[in-house]
Amino acid sequence: MAKNINLTIDGINVTVDEGATILEAARKLNIHIPTLCYHEDLCVAGNCRVCVVEQEKVRNLPASCATPATEGMVIHTNSMKVRMARKHIVELLLSEHNADCTKCYKNGNCELQGLASQMLTGDHLFLDLVPDKKYTIDMFNTAIIKDDSRCIRCQRCVRTCEELQSVSALGVAYKGNKMKISTFFEHSLFEVVCTNCGQCVNRCPTGALIERNYIDQVWDAIYDPNKHVVVQTAPAVRVALGEALGMATGKIVTGKMVAALRRLGFSSVLDTDFTADLTIIEEGHELLNRLKKALVDKDPTVALPMATSCSPGWIKFIEHTFPEYLPNLSTCKSPQQMFGALAKTYYAQKRKLDPKNVVSVSIMPCTAKKFEANRPEMRSSGYKDVDYVLTTRELGIMIKQAGLDFEELPEEKFDSFMGSSTGAAVIFGSTGGVMEAALRTAYEIVTGREVPFDGLNIVPVRGTEGEVREATIKIEKVKPEWSFLEGVELKCAVANGLAHAKTVMQNVRDGKATYHFIEVMACPGGCLGGGGQPIPTNKEIRTKRKMAIYEEDMGMPIRKSHENPEIAEIYKEFLEKPLGHKSHELLHTHYTPRKRY
Amino acid sequence: MSEQTLKRVDLIFGEYSNEKYKVLASTLERTNDDILNDLLESGLRGRGGAGFPTAMKWKYTAETPGDEKYVVCNADEGEPGTFKDREILYRVPRKVFSGMAICGKVIGAKKGYMYLRGEYKFMVPDLIKELDSYHEHVKELGFDFTIEIRMGSGAYICGEESALFESMEGGRGEPRNKPPYPTTSGFMKKPTVINNVETFVNVLMIMRLGPDQYKKLGTTDSRGSKVFSVSGDTPIPGIYELELGMPLDRFVDEFGDGDTKAVQVGGASGFCVPRKKFKDTVIGFEGVPTGGSMMIFNSSRSMYNVLHNYLEFFEEESCGQCTPCRVGCQQLLKGIVAVKKGEKKALYLDQLMKLSESMKITAKCGLGQSVANSFSSIVNNFKEEMIY
């Protein structure tokens, strides 16, 4: 049991566990102390100093986020000294910050702006430092834009990149007045180890790190009478979009989202979940193939464990950090890219459209998807498979721009074909989802029976934030053609957040762990915590989104990918068979090693 | 003119004992409590400038549980106008190492580090020679405490103890949040004593002379002597060891050029004392404390330029992590320039004064907190020079 600490904040007594900070104690009393550099997901920095409070009998004002509560402490959060200091600090930040808010992408969703308006600074106590600073904007990246003029040096991004993702693409450079957040040799984010995961974007309190937005390009395509604009929506978007439009966290808004997309003018509103199901079929067969090669043919070149390839942040991470394990990646493209390749081939044929007039747009919870869509590997349809990737946030902006009252929209259904999906596809949005979906299908292919879990819920592989999930599934009473798998214990690992992915890969490399199948999602909690999701983010928000995802799965009439009727149809009409020639051409790819520096 | 001259002391730079590491050897035979009592009795306070009681620092660290503890000697002498540690390390390194070893014994550390200012690289060969001899002697004494030299790389902030630890650990030299203090979490997050070069020498001299003799020097609040780095408008710049607690007017009589307008006590982060306050100012912890820097300015000097120079220094040497220091320093500098140019009204100085007060109470470390010292003391005392 932790020791109790008693202290007084603004005249109210409060008891907290030993080790709790003054900030946590104040929150317990619903006393709001403003913060900027503080973020629940990250270690405490204590460098913005916005959260200072007055402690009786102490000369200096401690930062409440970084100072542990001690017995008998008497704290004032709104004394004259505190108000003056806080005002000065916010004014100082504003003096260094490009406060041209109406030109900023984060206008209206900026923590510094919020603080300034809350405190009614407005005086401009100090001189404007911005003109002397010669700030630069890194616009070279296809996914993330870094604008130093908006940066307030809180280092949330640096901590995110290092602690959550173990990527460390962003770091602090120089000191004093020249101190800034930078990259290796100040290269563009495009040229360094950045995975484009966007976790920094999710946590940047200002507009210093934002996604590259393609809103105008998408509007142009919609308004172009010669273009047929197809839109696909990723599984995790439907449980978070509501947040961007003022709704409560964890609401499932699939139907309203479809209605909104239709009203925005997209020619056809389809579902990435369809290709998620397709991914399961392809990837499931790929896994079984690899197992057969390893177990029956004793082929020493077969790369096991096989790792999922749906998360483009993870792909870029492995290219940089574990390039020797690239053969272990599933050759399946991500559902987004499978969809894109089919939109300009199968879909165009079926709708009798010239693929050059098809514009394919995807709505993703992700910033790395923007990078992925621009990869040279992703043009197998003969065109750019996915033309524009919008984040959940960008879709929210478009809906606001169009003046739609989102909450009042009716629930509508996806267009068909490539619009039908299963519960297995929905759970792609949460960590462990791809694993679970793959097992639901692969187990049934091999044994002819459903997975032996209550209600198809393979809870042991459902990932948890902040840890690596390991599970073993025993395969028994197999069909004759899969006899080599009889009694095999399939070992799986599920990791979310690149720091944990790194741990898994290091364990594999060092021989500390053996697996057959690894699922990695670059972002905490999986796609539901993706870099393109509504801001703010924290564990509580992500947990609610996760609950919504599994609720959506439970509510689906079909919950196994191989039972999706449109999947059967596409194999019959177009792809012929899993891992067949067409699949190979359109749905699979290979990646190339990259250097760390 | 005062008739009494200042008491020159020869404690720090005094000759070594006739036998190498003799005082260390005899001290190692004493009990830790005994040593701590002597230190407490002596009233020794840290010589880096902040003046924390040395005995207490050691006691807290000794009491913190843990098998792994460290002694660190802060030789990152970076305060403008301070150059006394260089002299101490050049002339009496043996005393420094002995003081560190005594600390190692008291707190139970087996490893000591000297964090040496990057610009003092030229001293390394000599220091290593002395260290080799030190290691031989402690080996003979059967005492397990080794000392290693680590080099700084030129950042002023790395003289701040927690930034120094970060730097030693291979990180960026940025101060940490306090608490925890080094006594519980210092180098490698282990309990650590970090003291200034001169403090360790004082410890050794207390062990040699005994606290009673040591206490004869200085005043109740400021025991012992202090090595001063005297620079500026003086005919006799250099290093002087003087008794603590002296009035500033007597110091100026002795070191000034007869036209002294102000003395900056304690370097850029210290206080500026104008002529009219010389008489009432005591150099010591009860008055104006100093890490050793005494910069003398005569009437030919523009105090605006002096302040401008200091602020330029701080603006560059702030680590940049906390808002009050990073942006505050830039604002103070730009602010005085704007007032001087007439772009801002003289009243703006009051605004800046309030800002410096905020910096003093909100900055993360001593650097940002102490910018206000020189700023307010110069602006308050030489306001007309700031404006016209």
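Chain B is divided into two domains, with domain 1 covering residues 22-215 and domain 2 covering residues 303-387. Keep in mind as you explore that this is a predicted model. The C-alpha centres of domain 1 of chain B and domain 2 of chain B lie 33 Å apart. Where these domains touch, domain 1 of chain B supplies eight residues and domain 2 of chain B supplies eight residues. On the side of domain 1 of chain B that touches domain 2 of chain B, you will find five nonpolar, one polar and two charged residues.

Next, let's look at a pair of helices in chain B. Helix α5 of chain B spans residues 93-107, helix α8 of chain B spans residues 197-209, and their axes are 7 Å apart at an angle of about 80°. That angle makes α5(B) roughly perpendicular to α8(B). Which residues meet here? From α5(B) come B:K95, B:V96, B:S98, B:G99, B:M100 and B:I102, and they meet B:V197, B:F200, B:V201, B:V203, B:L204 and B:M207 of α8(B). Sorted by class, the residues of this contact between α5(B) and α8(B) are nine nonpolar, two polar and one charged.

Now turn to a sheet in chain A. Here three strands make an open sheet, ordered β5-β6-β9, with antiparallel pairing. Which strands of chain A are the edge strands? They are β5 (137-138) and β9 (209-211) of chain A, each of which pairs on one side only. A hairpin with five residues leads from β5(A) to β6(A).

| Residue | Bridge partner | Strand of the partner |
|---|---|---|
| A:I137 | A:D147 | β6(A) |
| A:I144 | A:E211 | β9(A) |
| A:I145 | A:I210 | β9(A) |

In total, β5(A) and β6(A) pair over two bridges, while three bridges join β6 (residues 144-147) of chain A to β9(A).

Finally, consider how the two chains meet. In this contact, 30 residues of chain A touch 29 residues of chain B. Which helix gives the most to the side of chain A that touches chain B? Helix α2 (residues 80-96) of chain A does, with nine residues. The whole side of chain A that touches chain B divides into 17 nonpolar, seven polar and six charged residues.

Notes:
Residues numbered from 1 in each chain as written. Chains lettered and ligands numbered in written order. Predicted model: local features only at pLDDT ≥ 70, side-chain atom pairs only at ≥ 80, totals over all residues. Axes fitted to C-alpha atoms, helices over the stretch in contact; angles between N-to-C directions. Helix = DSSP H or I, 4+ residues; strand = E, 2+ residues; numbered from the N terminus. Parallel < 35°, antiparallel > 145°, perpendicular 65-115°, else oblique. Contact = placed C-beta atoms within 7 Å. Nonpolar A, V, L, I, M, F, W, Y, C, P; charged D, E, K, R; others polar. Pairing = 2+ DSSP bridges. Domains from an automatic or database assignment.
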